[in-house]
Amino acid sequence: MADLLDDAAITSALDGLPGWERDGDSFVRTAKLPSFPAAIAVVDRIAEIAEERDHHPDIDIRWRTLTFRLSTHSAGGLTGRDVDLAGAISEQLDAATG
């Protein structure tokens with residue numbers, strides 16, 4: 001099981017994750033994509049990454065607006081796995097939104 005991050009580590013991680021915020025025991029990011037098909041394409045790419053890492057975000061899809069929520073449920077909060085996946089999600093969002 002992954003180790004929980006303390007508040008200082010979470011704050012430090014967020015400094016390197018523009019667009020992400022802490023909401024209790026989760027990291028959250030919302031992004032608008034240019035179109036609904038573009039949003040779904042991003043979700044598809046992130047789904048592949050999540051499967052490879054066996055770590056899955058909660059994803060809310062509202063037309064072209066995506067909200068990602070990350071937490072390591074098995075550990076009861078935020079871990080390095082969430083930081084790593086947030087970075088990978090950010091890369092996909094940045095690539096899609098230019």
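This is a predicted model: local features need pLDDT of at least 70, side-chain atom pairs count only at pLDDT 80 or more; totals for chains, interfaces and linings use all residues.
View 1. With a relative accessibility of 36%, Ile-61 counts as partly exposed.

**View 2. A salt bridge between Arg-62 and Asp-60.** Here the closest N and O atoms of the two residues are 3.0 Å apart. Arg-62 counts as exposed, at 57% relative accessibility, while Asp-60 is partly exposed at 31%.

**View 3. Arg-22 meets Asp-7.** The side chains of this pair form a salt bridge, with 2.8 Å from N to O. Arg-22 belongs to strand 1 (residues 21-23) and Asp-7 to helix 1 (residues 7-15), so the pair ties together parts that lie 15 residues apart in sequence. Arg-22 is partly exposed, with a relative accessible area of 38%.

**View 4. Arg-29 pairs with Asp-94.** In this salt bridge, the closest N and O atoms are 3.8 Å apart. The pair links distant parts of the chain, 65 residues apart: Arg-29 is in strand 2 (residues 26-32) and Asp-94 is in helix 3. Arg-29 is buried, at 13% relative accessibility, whereas Asp-94 is partly exposed at 44%. The count for the model comes to 4 salt bridges.

**View 5. Gly-80 and its contacts.** Take a look at Gly-80 in helix 3, which spans residues 80-97. Leaving aside residues up to four places away in sequence, Gly-80 touches Asp-3 and Leu-5. The C-alpha atoms of Gly-80 and Leu-5 are separated by 7.2 Å, although the two residues are 75 residues apart along the chain. Gly-80 itself is partly exposed, at 32% relative accessibility.

Methods: Residues are numbered from 1 along each chain as its sequence is written. Side-chain values use heavy atoms; hydrogens and water are left out. Helices (H or I, at least four residues) and strands (E, at least two) are DSSP runs, numbered from the N terminus. Buried means under 20% relative accessible area, exposed over 50%, partly exposed in between (1.4 Å probe, protein chains only). Contact means heavy atoms within 4.5 Å.
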